[in-house]
Amino acid sequence: MTRKSALAAFLLLPSFSYAATVLSAPPGLNNKSYVLMDYETGQILASKNENEKLAPASMTKMMTSFIIEQKLLKGELTEDEKVRMNESAWCRGSSTESCMYVPLDGTATVLEMLRGIIVQSGNDASKAMAEHIAGNEGTFVHMMNEEAKRIGMSNTQFMNSTGMPAEGHFSTAKDMATLAQHIIHDSSKYYPIYSEKEFTFNGIKQGNRNALLYTDPSVDGLKTGHTEEAGYCLTTSSKRGPMRLISVIFGAPNIQQRATQTRDLLAWGYANFETVKVQPANQVLAKAKVWYGQTNDVEIGLAENFSVTLPKGQANAIKTQLVVQPKLTAPLTQGQVVGKYVASLDGKVIAEKPLVALKPVEEAGFFARMLDHIKQFFSNLF
């Protein structure tokens, strides 16, 4: 199983309700929407209007940068590849938008453009990269929307690469948290850029607009956003010890409030929850019967470490269960999903991970398969 397929598996889990557990109430936040997500498990720990479709402003650029990062990792772009600043993307220095300030008909490398997008929130860099990758921004936007669907952003529609106001351009706090999760997981090579406090290009030094990078050493990303329509927005990731939290704020009333609200939300999460390792990867958890194989059973386990996030002090109450698919048949490939490993608390499922075959099982020869057919026939009679 690939890292991406394993990630997708836990992203699809339902959120667990902690109503029966005594927790301090989440902070009351004056904004349009917010989410606090545990990075490792994808569990939503607190939220308000998490699926409300709102203007994401420059948090849109997280998808633009994510596509660039993935193309770099696949070798479809190179870091030192030159990108031209066409007039259609060029920033004329307007006070109404943020810019990297690449000169008209000038060039910057892909890596410089990526920094211009993430650190400086450059609209010009975003549009130039969109044109460089797809030929025009419209085609690139189609790529953005396809990628959003692929990773499970079910309530998002992009109309441009920058987040500038446009009819039909929207996302949600939950979807932005999902995107942040994928950036951290899938683009780990480039994720440190999101924590850079400043970037200088063309002799112009600009600071990162994420104020928490300067005041909270646990914060290492991700992206701010602001338009009159959207209000003040911020997607943040913070890691303290083994636990990483992702917070998303939509529509705070001012710059100070989006930072303060994020700080309060993270503090509440770390004070009330802990991440507990349930089961490490690549350990044999059981042997499952296999029909029509060269061997009669297969060793099964997890492809990735299994952790859950839950209220502090509840770790000893976790119950686990192996659920194996009935009548496994050869051939089985290594990493093939054969069931699920379920963790529950107080009788409610809180998380699950795919069980996989730890070794391949080849198909048996003709006579061995016939013998298994006979065995199955008689076993079904009783």
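Three aromatic pairs are found in the structure, which is a predicted model. A pair of aromatic rings is described by the distance of the centres and the angle of the planes. One of the pairs joins Tyr-191 and Tyr-194, whose rings are stacked, with 5.5 Å from centre to centre and 25 degrees between the planes. Tyr-191 is buried, with a relative accessible area of 7%, and Tyr-194, at a relative accessibility of 1%, is likewise counted as buried. Another pair is formed by Trp-268 and Phe-273, whose ring centres lie 5.5 Å apart; because their planes stand at 65 degrees, and an angle over 60 counts as edge-to-face, this pair is assigned to the edge-to-face class. Both Trp-268 and Phe-273 are buried.

Arg-244 lies over the face of Tyr-39, at 5.9 Å from the centre of the ring, while the charged end of Lys-289 is placed over the ring of Trp-291, at 4.7 Å from the ring centre.

Because twelve of its 14 residues are buried, helix 2 is largely enclosed by the rest of the structure. The buried residues of helix 2 include Met-62, Met-63, Phe-66, Ile-67, Ile-68 and Leu-72, and among them are also Lys-61, Glu-69 and Lys-71. After helix 2 comes Gly-75, which has a positive phi, near 85 degrees.

Note on methods. Residues numbered from 1 in each chain as written. Predicted model: local features only at pLDDT ≥ 70, side-chain atom pairs only at ≥ 80, totals over all residues. Heavy atoms only, no water. Phe/Tyr/Trp six-rings, centres within 6.5 Å; stacked < 30°, edge-to-face > 60°. Buried < 20%, exposed > 50% of the residue type's maximum accessible area, 1.4 Å probe, protein only. Lys NZ or Arg CZ within 6 Å of the ring centre and 35° of its normal. Helix = DSSP H or I, 4+ residues; strand = E, 2+ residues; numbered from the N terminus.
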